[in-house]
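Please examine the sequence and the three-dimensional model shown here. A short report accompanies them.

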Amino acid sequence: MNRPNWFVALPMPAAAAPAWLAVAATAPVPLRRFLPADLHLTLAFLGPCDGSAALAAWRALADQVHRPIPIRAGGWRALGPVMAPSAYGLTLAEGQAELSRLLGDWGARALAAAGCRPERRAPLPHLTLLRPPRRQAAALRQPMAAWMAAAPLPAEPALLSQLALYTWADDRRQRLFRIIRSRCLASPPPPEPPTWAE
């Protein structure tokens, strides 16, 4: 098995996730659809770093607080390589500017603390909903482009109020990710208990 990736993200509330995922039901197959518990908006993708580096990224945000962020879907977008997109997701009509600032600030802090390279791309707040099989990504590009042009958008808004540190799930056939740490976005976490070494 490959070394697991880590990332810091804002989980989609459990009450809102099914409605956002339901709009992807008519997409061409074969595509892997995210489960409600896996739906999130990434702030900092740390990649296959050590767990200690991922925890350092998490702690770098311990003193950062922000009000809950309301979001509303803006449009479908292919993500990754142009000729063979690796994912499809939703950009935002509401919350885009606020989350772009958060990605630029908090995301940079987390990446630096984990010893990762800084993000060179402009912030693009989005939620990934679908992933094509790697070998079929190029063949599905045009069918997905046609589908996205007419695909519905979730009508329901959502409120992002949690911050979480994620890594891969133990059994990725059941779900993709698991949360290692989480807290309310609007309040700092409680102090971690000291270790014997301290």
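The report treats the basis of the model, then the sheet and its helices, and then one histidine.

## Basis of the report

This is a predicted model, in which local features need pLDDT of at least 70, side-chain atom pairs count only at pLDDT 80 or more, and totals for chains, interfaces and linings use all residues. Residues are numbered from 1 along each chain as its sequence is written, and side-chain values use heavy atoms, with hydrogens and water left out.

## The sheet

Five strands form an open sheet in the order β2-β6-β5-β4-β7, with antiparallel pairing. At its edges are β2 (32-33) and β7 (158-160), each of which pairs on one side only. Strands are DSSP runs of E with at least two residues, helices are runs of H or I with at least four, and both are numbered from the N terminus. Two strands count as paired if DSSP finds at least two bridges between them.

Strand β5 (residues 87-94) pairs with β4 (residues 69-79) in the antiparallel sense over seven bridges. Within this pairing, A73 has L92 of β5 as its bridge partner, and L79 stands opposite A87. β5 also pairs with β6, again in the antiparallel sense, over three bridges; here G89 has T128 of β6 as its partner. Six of the eight residues of β5 are buried, where buried means under 20% relative accessible area, exposed over 50%, and partly exposed in between (1.4 Å probe, protein chains only).

Contact means heavy atoms within 4.5 Å.

## Histidine 126

H126 is located in the loop between α3 (96-114) and β6 (127-131). With a relative accessible area of 23%, H126 is partly exposed. Leaving aside residues up to four places away in sequence, H126 touches H40, L41, L79, L90 and T91.

H40 is 86 residues from H126 along the chain, and their C-alpha atoms are separated by 8.7 Å. A polar atom of the H126 side chain lies 2.7 Å from the backbone oxygen of L124.

Terms used:
A polar contact is a pair of N or O atoms within 3.5 Å; within protein, one must be able to donate a hydrogen and the other to accept it, and residues adjacent in sequence count only if both atoms are side-chain atoms.
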